[in-house]
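Visitor: I have a structure open and would like to go through it with you. Can we start with the surface charges?
Guide: Fine, bring it up.

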Amino acid sequence: MIKSGRYGQVLYDASATTPVEVISINAWKASFKTDKLDVTCFGDDNKVYVPGMKDVTGTIGGFWNSAAGASGVIFDGADAETPGKLKLLPNETESAFFWSGLAYLDAEIDCSVDGAPTISSEFMAAGPWTRDATP
Amino acid sequence: MMADTGAIDAAVLTRLASDPELLGYMPNGVYWGLAAQESLRYVIVTLATAADSAQFGQTAIEERDYMIEAVGCSTVNPAVHQAARRIHDLLQDQPLTIDGYGWMSTYRTEPIHYTDADDANQSIQWRHRGGFYRVQATPLRADAPRTPLVLTT
């Protein structure tokens, strides 16, 4: 069933065990692109590719929030030398559908005079990622 | 419990209506939307625009732009300039106590200064001075993990 993104969720655990919700996040995006290796040979009618390695990267966005469990989690993750466990839900009412895996985080903050400061984070896999889709 | 947006309106009105200096300039009082009949010196507050910003599952920020004017009739020599200055002192960058919210900012986005002729008597003028003021507030519950959403059927 199509669900609203309003109830999306981002969870993270720096110790890579049990992720908990990161507060004041309002967007996430994940990419699961697989490299395609060009194996085109003389005489082929068109270019030919074979799949290589899958890359898992993405972004997280939201408002800067000084409360515990909010933006500080992202910035601590950016400083960490070991990866945390990241869990991404399109909609919390379907909690069985999510992607998760170990990830390194980067962090940015954008503050301007006419709006609330926002944060953004890029993540990249630090281990195998899985998609859970239990009906 | 959901934050009540009206609490932001109430905080602005309370700030203005409880100030003796402003009421000294505008003795007919501070009104929301429409002043009482026969008022000659008053402050009028109306909601010009409003917008909410979301975080996952809930409202993160409520932004409300108020048009706030000191209005005075020329027959009573109204101190609209002083009243507008006092409104600015009371609101500009001044924290508001808002039930259920955390205050973020209050600031003027545009000043107001114009004069109208009275509809019934063109020799009488109504002087308006004040500004558009933006209030940003965040519901306190936005600082806590959400209670899981329960869908009712």
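Visitor: Which residues gather in a patch of negative charge on the surface?
Guide: A:Asp106, A:Glu108, A:Asp110 and A:Glu122 do. Keep in mind that this is a predicted model.

Visitor: Where is A:Asp110 found?
Guide: A:Asp110 sits in strand 7 of chain A, which covers residues 108-110.

Visitor: Switching to the interface. How many residues does the contact take from chain A and from chain B?
Guide: Chain A gives 22 residues to the contact and chain B gives 20.

Visitor: And what area do the two chains bury between them?
Guide: About 1,600 Å² is buried between chain B and chain A, with 54% of it on carbon and sulfur atoms.

Visitor: Give me one in chain B. What does B:Asp19 meet in a salt bridge?
Guide: The side chain of B:Arg86, at 2.8 Å from N to O. B:Asp19 is in the loop between helix 1 (6-17) and helix 2 (20-25) of chain B, while B:Arg86 is in helix 3 (residues 80-91), so the pair ties together parts that are 67 residues apart in sequence.

Visitor: What does the secondary structure of chain B come to?
Guide: Chain B has 3 helices and 5 strands. Read from the N terminus, the order is α-α-β-β-β-α-β-β.

Visitor: Last one. What does the C-alpha trace of chain B span along its principal axes?
Guide: About 65 × 30 × 25 Å.

Note on methods
Residues are numbered from 1 along each chain as its sequence is written. Chains are lettered from A and ligands numbered from 1 in the order in which they are written. This is a predicted model: local features need pLDDT of at least 70, side-chain atom pairs count only at pLDDT 80 or more; totals for chains, interfaces and linings use all residues. Side-chain values use heavy atoms; hydrogens and water are left out. Patches are made of residues with over 30% relative accessible area and no salt bridge: like charges are joined within 9 Å, nonpolar side chains (Val, Leu, Ile, Met, Phe, Trp, Tyr) within 5 Å. Accessible areas come from the Shrake-Rupley method with a 1.4 Å probe; for residues, only the protein chains shown count as cover. A salt bridge is a side-chain nitrogen of Lys or Arg within 4 Å of a carboxyl oxygen of Asp or Glu. Lys and Arg count as positive and Asp and Glu as negative; His and the chain ends are not counted. The place of a charge is taken as NZ of Lys, CZ of Arg, CG of Asp or CD of Glu. Helices (H or I, at least four residues) and strands (E, at least two) are DSSP runs, numbered from the N terminus. Contact means heavy atoms within 4.5 Å. Buried area is the accessible area (1.4 Å probe) that two parts lose on being put together, summed over both.
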